[in-house]
Amino acid sequence: MTVKIGLVGKPNVGKSTIFSAMTRSQADIANYPFTTLKPNVGITYIETVCPHTEIGKQCNPREGYCENGIRHVPIEIIDVPGLIPGASQGKGMGNEFLDNLRDSEALCHIIDGSGFTAADGTPIQIRREPWEDIEIIEGEIKQWLADRIYRDWDKFARKADSSGENQDRSLHRKIASFGLTERQVSLIFSRGSFPARFTLWTEEDAMRFSEIIFEFMKPIFRIANKADNMEPGIRKELLQKYPEAYLVSGEYELAFEKALKSGLIKGSAGGFEITRAVSRQQSIALDRIREFFRDPAITLVSQIMGRIVQEKLGYVIVFPVVDESTWEDNKGNVLPDALLMPAGSTALDLAFKIHTEIGEGFIRAVDCRTRRVIGKDHILANSDIIRVISKTR
Ligand SMILES: Nc1nc2c(ncn2[C@@H]2O[C@H](COP(=O)(O)OP(=O)(O)OP(=O)(O)O)[C@@H](O)[C@H]2O)c(=O)[nH]1
Ligand SMILES: [Mg+2]
């Protein structure tokens, strides 16, 4: 199970373009709403310095890859069909597509920075303020979540109230598919004051509860796409309203990736050279792309995921090994696994992630850099190389 991130937004904002740039695959892209009819699922990578550079041996990744000492750790990206006002009620492509986001840990809300699309994604000639869509679309997602929680509520409430079971436990079971722990549910539950009996809950209570859940479990990151065609005033205002928003251009990044792949250019997005004879038109386009990415306010979509997963969600990348001196597994593979572990994970959590049996038989672990023995409660740090010693191995 890897970390999953969902791309959401109204139609025609460039979700599939961003998806293609991130996953280096080809999703359907077109300037009309509902180009995407089925979710696209793909892999992108987050980058970290690979510890193999410390021991002078090349690693053998089981998943992802390693290039020039940078380990690329896979995560999953889901590009869903566009959402329109009323989506949670089944309008547009219907809310079944929202269900695809159920197990996404965070959502990237893509908005059209250029403003040349209406609320339903239809192309328009006069710019709209791009932040208008933030409330509309995010409101739909919250409503969808509330509906999922409130679905079959009466039946659930009657049963839970009469069972005498602890309320947290009942509620946890009801929303099990959202992947929260019982402790998290208790915490959310204690944050708002909810009626003492489930049968007394109103739809409003469910909405309030889902809002707290939402903030807790589905952080939203806003990404303004089409920044290549954004008015300076609008760009400034957006960043004032949403200082954490990223500015990107899926289109330019995709063009850059393609040119790089075909060998037309060499180097980074903001500093590439053209290596072959190109037409004047191509040369102008490439210069414009290079210039665009030189702007420090612009982020590469391929780097956003690393920032979100590591900096915002607090994941650490941990390398479990079997041999503490060679950093190999028992088949001689050097640093075979790079595992993403949630913030605050312990050595015991790692043991369970490797295998339930290893977790159950946990004896102690070793920090392979310092060769120090660590206990089950030891909190893992980014780039830790850990050997777990367990009754089963
Ligand atoms: N100027 C500019 N246009 C872009 C950019 N990204 C995408 N587009 C254009 O926006 C249109 C929509 O792109 P898609 O990627 O199909 O949009 P989508 O959000 O997946 O749309 P749906 O699948 O209909 O929900 C296409 O014409 C793209 O070429 C960008 O960064 N800049
Ligand atoms: Mg699409």
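Me: Leu-335 sits in the loop between E10 and E11. How do you know whether Leu-335 is buried or exposed?

Reply: First, the ground rules. This is a predicted model: local features need pLDDT of at least 70 and side-chain atom pairs count only at pLDDT 80 or more, while totals for chains, interfaces and linings use all residues. Residues are numbered from 1 along each chain as its sequence is written, and chains are lettered from A and ligands numbered from 1 in the order in which they are written.
Now count C-beta atoms, placed from the backbone: 20 or more others within 10 Å means buried, 12 or fewer exposed, and in between partly exposed. Leu-335 has 27 others within 10 Å, so it is buried.

Me: What makes the phi of Leu-335 worth a look?

Reply: Its phi is near 40°, a positive value in a residue other than glycine. Most residues other than glycine have a negative phi. Trp-327 has a positive phi too, about 60°, and is found in the loop between E10 (316-321) and E11 (339-341). With 23 other C-beta atoms within 10 Å, Trp-327 is therefore buried.

Me: Why is Gln-58 called partly exposed?

Reply: Because it has 13 C-beta neighbours inside 10 Å. Gln-58 lies in the loop between H2 (52-55) and E3 (65-67). Helices here are DSSP runs of H or I with at least four residues, and strands are runs of E with at least two, numbered from the N terminus.

Me: Which residues does Gln-58 contact beyond its neighbours within four places in sequence?

Reply: His-52 and Val-334. Contact means that the C-beta atoms, placed from the backbone, lie within 7 Å. The C-alpha atoms of Gln-58 and Val-334 are separated by 7.1 Å, although the two are 276 residues apart along the chain.

Me: What makes H1 enclosed or open?

Reply: Eight of its nine residues are buried, so the rest of the structure largely encloses H1. Among them are Lys-15, Ile-18 and Phe-19. Arg-24 follows H1 with a positive phi near 50°.

Me: How do you know which residues surround ligand 1?

Reply: A residue is near a molecule if its C-beta atom, placed from the backbone, lies within 6 Å of it. 26 residues surround ligand 1, with Gly-14, Asn-31, Thr-36, Gly-82 and Glu-251 the closest. H1 (15-23) and H9 (250-261) are the elements that give two or more residues to this shell. H1 gives the most, three residues.

Me: What makes the protein compact?

Reply: It has 13 helices and 14 strands. Its radius of gyration is 24 Å, close to the 21 Å from the globule rule for 393 residues, so it is as compact as a globular protein of that length. The radius is taken over C-alpha atoms, and the rule is 2.2 Å times the number of residues to the power 0.38.

Note on methods
Two residues are in contact if their C-beta atoms, placed from the backbone, lie within 7 Å.
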